[in-house]
Amino acid sequence: MVNNTLVHIGNADISIKEYKGQRIVTFKDIDMVHERPEGTANKRFLDNKKRFVEGEDYFIISNSEIRKSRIITISDNDYMDKVLITEQGYLMLVKSFTDDLAWKVQRELVNGYFRVQQLVTDLSPQMQMLYGMLDQMAQTERNAKEAKEMAQKAVETTENIKEAVKPVFDNWREEINAKFNHIQKSIDKPFNILRTEMYSELEYRAGCDLSIRLRNKKQRMMDNGCTKTEINGINRMDIIEDDKKLREIFSKIVSEYEIKYCA
């Protein structure tokens, strides 16, 4: 069987797994705690399989039994049998791991994972019950901490959404630019690409062409005797700001982006 309790070994956490009354580990667990490339433990096992005894050093469990007992997590498309390694098999498997980390991890895994179950089993029923209560209390504390963190994150998300949908008042241009800069930093997308993306969405929703409107405005300014500097300083944001309907639609688009990428 497996539970949600994690045991910290080396620089990693592994879940407690038991099969036929003893604790077992997977090849993935071994690679993780020993910080070896994925597949290392499996290769060592296959290279020396004739030296391992099934039922003592390892168990082979079918995918149907795995799904029934949920001893480990596998995908719906995984139909391969799995190898589960016992304490004895683990010690045989990692004989060739002789670096400093390996010695440290072996000691931690044996004393802090495999032998713990044996010690608890040898205790009186009253002490076993006490260990169970302590384990449950520790798990409850961890769950409470996770719940608190999730609640805090929910509050922060709510505040971000409130900020995103806050009405934009007199300083429309300034507030829109501030929101846009917030979004641009969050998704790390080039300024011009993000602006073009938002302008295209505005044109789609409003059924307009900003380029044509911009060209027409520049022509009117030219006809009215405006300077070349004034004419060249006009851009699509000026077109949007001059039109109440476009302002409202664009404000909504910017708020949607801010909720999606920043909340």
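**Salt bridges and cores**

Mentor: Happy to. The count comes to 13 salt bridges here, and please keep in mind that this is a predicted model.

Trainee: What is the general idea behind such pairs?

Mentor: Side chains of opposite charge can pair when their charged atoms come close. Let's take a case: Lys17 forms a salt bridge with Asp29, with 2.8 Å between the closest N and O atoms. The two sit in distant parts of the chain, Lys17 in strand E2 and Asp29 in helix H1, 12 residues apart.

Trainee: Is Lys17 buried or exposed?

Mentor: Buried means under 20% relative accessible area, so Lys17, at 3%, counts as buried. Asp29 is buried too, at 7%. The Lys17 side chain also reaches the backbone oxygen of Ser15, at 3.0 Å.

Trainee: Which residue forms a salt bridge with Arg205?

Mentor: That is Glu256, and the closest N and O atoms are 2.6 Å apart. Arg205 lies in helix H8 and Glu256 in helix H12, so the bridge ties together parts 51 residues apart in sequence. Arg205 is partly exposed, with a relative accessible area of 35%, and Glu256 is partly exposed at 31%.

Trainee: Where do Arg213 and Asp243 lie?

Mentor: Arg213 is in helix H9, while Asp243 is in the loop between H11 and H12, 30 residues apart. Their side chains meet in a salt bridge, 3.0 Å from N to O. Arg213 counts as partly exposed at 33%, and so does Asp243 at 23%. For a network of salt bridges, look at Arg173, Asp238 and Glu241, which are linked in one.

Trainee: Now the interior. How should I think about a nonpolar core?

Mentor: In soluble globular proteins, nonpolar side chains tend to be buried together. In this model the largest nonpolar core has 25 residues, and Met198, Leu202, Leu210, Ile240 and Phe250 touch the most other members. Helices H7, H8, H9, H11 and H12 each supply at least two residues of this core.

Trainee: Which helix gives the most to this core?

Mentor: H12 does, with 7 residues.

Trainee: What is Leu210 in contact with, leaving aside its neighbours within four places in sequence?

Mentor: Its contacts are Tyr199, Leu202, Glu203, Arg236, Ile239, Ile240 and Leu246. There is also a second, separate core of 24 residues, which includes Ile16, Val25, Val33 and Ile85.

Conventions. Residues are numbered from 1 along each chain as its sequence is written. This is a predicted model: local features need pLDDT of at least 70, side-chain atom pairs count only at pLDDT 80 or more; totals for chains, interfaces and linings use all residues. Side-chain values use heavy atoms; hydrogens and water are left out. A nonpolar core is a set of buried Ala, Val, Leu, Ile, Met, Phe, Trp, Tyr and Cys residues joined through side-chain atoms within 4.5 Å. Buried means under 20% relative accessible area, exposed over 50%, partly exposed in between (1.4 Å probe, protein chains only). Helices (H or I, at least four residues) and strands (E, at least two) are DSSP runs, numbered from the N terminus. Contact means heavy atoms within 4.5 Å. A polar contact is a pair of N or O atoms within 3.5 Å; within protein, one must be able to donate a hydrogen and the other to accept it, and residues adjacent in sequence count only if both atoms are side-chain atoms. A salt bridge is a side-chain nitrogen of Lys or Arg within 4 Å of a carboxyl oxygen of Asp or Glu.
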